[in-house]
Amino acid sequence: TGLRTKLLKAFSTADGEFLSGQKISETIGCSRTAVWKHIEELRKEGYELEAVRRLGYRIKKKPDKISSNEIHLGLKTQMMGRTIHFEETVTSTQKIAQSLANDGVQEGTIVVADQQTNGRGRMSRAWYSPSGTGIWMSMIIRPNIPVNTTPQLTLLTAVAIVQAIEELTPLKPDIKWPNDIMINGKKVVGILTELQAEADQVHSVIIGTGINVNQKIEDFPEDLQNIATSILIETGTSWERAQLIQTILLRFESLYSLFLSKGFKPIKLLWESYAISLNKVLIARTLKGTVEGIAIGIDDDGALLIETCEKKIEKIYSADIELK
Ligand code: BTX
């Protein structure tokens with residue numbers, strides 16, 4: 001409402017100083033009872049307001065809200081995120097992105113939700129996506145590349161997200177092939193790349209990213225508490241999701257254009273510099289069986305190369321990795 005906007009403006013002009021109830025009611029032109037009601041509403045939205053007798057009110061902390069506006073303001077990209085579909089609650093941003101891609105939306109369109117009720121991981125696993133804390137986003141791109149090179153885009157996305165986290169926070173995340181970003185051995189980001197393609201033509205690639213930003217440990221269900229982490233848990237403070245999204249989109253855009261002009265080589269080098277799974281003994285569980293050995297690198301397709309005890313080199317395209 002207009003009053004709410006006026007109230008927030010008054011607080012922002014006060015710049016952290018206290019505003020008396022009297023002053024507020026004069027500025028926004030309504031009774032002190034009405035002011036009080038609006039302040040209670042802000043509290044419900046997640047604003048932390050301090051009230052001190054004689055001094056009045058001040059805002060201690062704003063909620064970390066995301067909306068199209070918050071993402072759009074300050075976005076420095078040419079293409080990524082120029083069209084934003086934001087929803088408070090969805091089943092899965094991947095599903096919405098798929099139907100938008102079918103409708104022919106422009107490349108770079110993103111779908112962002114505050115909460116997913118049916119967030120998906122790979123192989124129809126669930127991705128826990130509570131409200132108010134994470135980045136649940138799907139990006140639609142339409143690269144003119146062979147279908148079999150699309151897994152490289154998962155690796156590219158992982159690099160973009162690691163770079164963005166490093167730019168904004170003191171953290172140094174690692175990448176676990178192919179799609180997990182880890183901090184201190186726990187998963188902070190998951191990436192799901194899905195394709196709309198036919199014969200050898202890619203119609204669109206939909207890259208879903210789930211990023212745990214402001215969850216506390218107790219916000220995760222028990223079965224995830226030992227394997228999942230968030231940027232808040234690792235840094236001790238909360239982070240603005242909209243700013244993180246902007247930084248990721250900018251990093252992604254620049255790596256994507258490098259990828260389109262120079263191919264996977266330069267991306268591969270960057271990816272390897274963040275990888276924890278390389279030169280380690282690991283077990284890869286694939287749909288066809290289990291491979292154990294030392295990860296010696298990734299090839300130009302983005303496949304993981306594992307050298308087994310028998311000195312055989314196995315190429316792994318899709319698997320769950322357990323480091324030994
Ligand atoms: P994945 O199959 O590699 O990982 C899924 C596994 O990760 C789950 O089985 C569970 O053990 C664990 N897990 C579930 N939720 C979380 C979480 N919040 N944090 C850490 N670990 C978790 C990874 O799949 C790909 C995830 C992509 C999610 C994005 S969100 C936006 C888009 N929409 C959508 O439905 N999926 C993608």
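The shell around the ligand is made up, by class, of eight nonpolar, 14 polar and four charged residues, where Ala, Val, Leu, Ile, Met, Phe, Trp, Tyr, Cys and Pro count as nonpolar, Asp, Glu, Lys and Arg as charged, and the others, Gly among them, as polar. This is a predicted model, in which local features need pLDDT of at least 70 and side-chain atom pairs count only at pLDDT 80 or more, while totals for chains, interfaces and linings use all residues. Residues are numbered from 1 along each chain as its sequence is written.

In total, 26 residues surround the ligand, and the closest are Ser92, Gly121, Gly190, Gly208 and Gly210; a residue is near a molecule if its C-beta atom, placed from the backbone, lies within 6 Å of it. The elements that give two or more residues to this shell are α5, β5, β8 and β9, with helices (H or I, at least four residues) and strands (E, at least two) taken as DSSP runs numbered from the N terminus.

Helix α5 spans residues 93-102, and its buried residues are Thr93, Gln94, Ala97, Leu100 and Ala101; buried means that 20 or more other C-beta atoms lie within 10 Å of the residue's own, exposed that 12 or fewer do, and partly exposed in between, with C-beta atoms placed from the backbone. Seen down the axis of α5, these residues fall within an arc of 125°, so they line one face of the helix, the arc being that of the directions from the helix axis to the C-beta atoms. The face turned away from the buried side carries the exposed residues Ser99 and Asn102. Gly104, with a positive phi near 85°, follows α5.

| Strand covering α5 | Residues |
|---|---|
| β3 | 84-90 |
| β4 | 110-116 |
| β5 | 134-141 |
| β8 | 186-198 |
| β9 | 201-212 |

Ile306 has Glu314 in β13 as its bridge partner. The two strands form a hairpin with five residues between them, and Lys311 in the turn has a positive phi of about 65°.

Buried residues make up 36% of the 324 residues in the chain, whose secondary structure comes to 10 helices and 14 strands.

Conventions: Pairing = 2+ DSSP bridges. Contact = placed C-beta atoms within 7 Å.
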